[in-house]
Amino acid sequence: MPLYCDSELYSVVREEHLIHSDFFLRYLEFREEAEPSALILTCLSGGEVCREVRYSASEIAARFAYGRQELPRYRDSSLGRILGLAYRPETAFLHEHFAFFASAPVDALHISADCGGRRLEKDVRVIPYQSPNRYRFPLRGTVLVTDTYPSVNSHRWCRNSEYAFDAGRFDGTLLHSRIAGAPVYAACGGVVEEAFDGLEDTDTCLELVEQQYGEGVRIDGNHVLLRHEGDELSLYAHLQKGSVAVQTGQTVRAGQRIGRVGSSGSSWVPHLHFHVMLRGIEGPGVPVKFENLRTILGEPCMLEDTVNLVRAE
């Protein structure tokens, strides 16, 4: 059937009287077919419909126009990270975000489209992800966490960094960073899959960095990638030059210092970029909970807001 998208989507689920599901359909590609004249996305829980979205012809046309504009921007070398694909779709319906309350978590998404008189259908698993590991926040003290999954920013557009965040610390004006050099700790015990050090904070040409070290270093700068149980990997990016304290193949324990906050790679202010993904650097991003993270009022925090002022104990 010429209708293509991820076969599995990973969701964040939290209970707040009702059940809140949050997941993201990154792309929906119609190969060798006319653009659909009708499109319905149906969210299911245990086979029961809990949310249905029907798109008008004008909205479908606008979405495909957006796709034709957006897809050429992706670099060939980035398609694996962004879409999980080895090729660039010619056209696609992009970026549909589902976030709503229902009586039970969503476990499936049914897609139905009418294309040139043909009915195309596809079922996608929606997995309320529960990590097999225990995570602790990779920084200590009070920090500002931004660019989280509810904001549907460039992090979430990328398949591998869907549940990434940026964490920093600022003065009272929020204009001046105060986190450079702060210790970065392993959020979970594991084995160092990759470690890179040697870049200054970003004051050089990133094109030259990529030519010398590759695209990954241009993006992440000095970084550490740890592999954990359950085939999860955690990435700690933009670290300070000379601070990476681990080597590839080394076993680290949770809470061990692995580096310090910097601004290397594609970064313009000192901060820590963190995310967890499955299987490899181009695997799907997944959400994790930090058992030691609290709001400034002392309540547990899941980083469910676009901007979060939190304390890590």
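Here are a few friendly questions and answers about this predicted model.

Reader: Which strands stand at the edges of the open sheet of 9 strands?
Author: Let's follow the order of the open sheet, which reads S15-S12-S13-S14-S17-S10-S9-S19-S18, with antiparallel pairing. A strand at an edge has a single partner strand, so one side of it is left without a neighbour in the sheet.

Reader: Which residue in S19 stands opposite Val143?
Author: Start with strand S9, residues 141-146, and strand S19, residues 307-312. These two run antiparallel and are joined by 6 bridges. Opposite Val143 stands Val310.

Reader: Is Phe137 buried or exposed?
Author: The cut-off to keep in mind is that buried means under 20% relative accessible area. Phe137 has 0% relative accessibility, so Phe137 counts as buried.

Reader: How many residues apart in sequence are the parts that the pair of Phe137 and Phe290 ties together?
Author: The two rings form an edge-to-face pair, 5.2 Å centre to centre with 85° between the planes. Phe137 lies in the loop between S8 and S9, while Phe290 lies in the loop between S17 and S18. The pair therefore ties together parts whose separation in sequence, in residues, is 153.

Key:
Residues are numbered from 1 along each chain as its sequence is written. This is a predicted model: local features need pLDDT of at least 70, side-chain atom pairs count only at pLDDT 80 or more; totals for chains, interfaces and linings use all residues. Side-chain values use heavy atoms; hydrogens and water are left out. Two strands pair if DSSP finds at least two bridges between them. Helices (H or I, at least four residues) and strands (E, at least two) are DSSP runs, numbered from the N terminus. Rings of Phe, Tyr and Trp (its six-membered ring) pair if their centres lie within 6.5 Å; planes under 30 degrees apart count as stacked, over 60 as edge-to-face and the rest as tilted. Buried means under 20% relative accessible area, exposed over 50%, partly exposed in between (1.4 Å probe, protein chains only).
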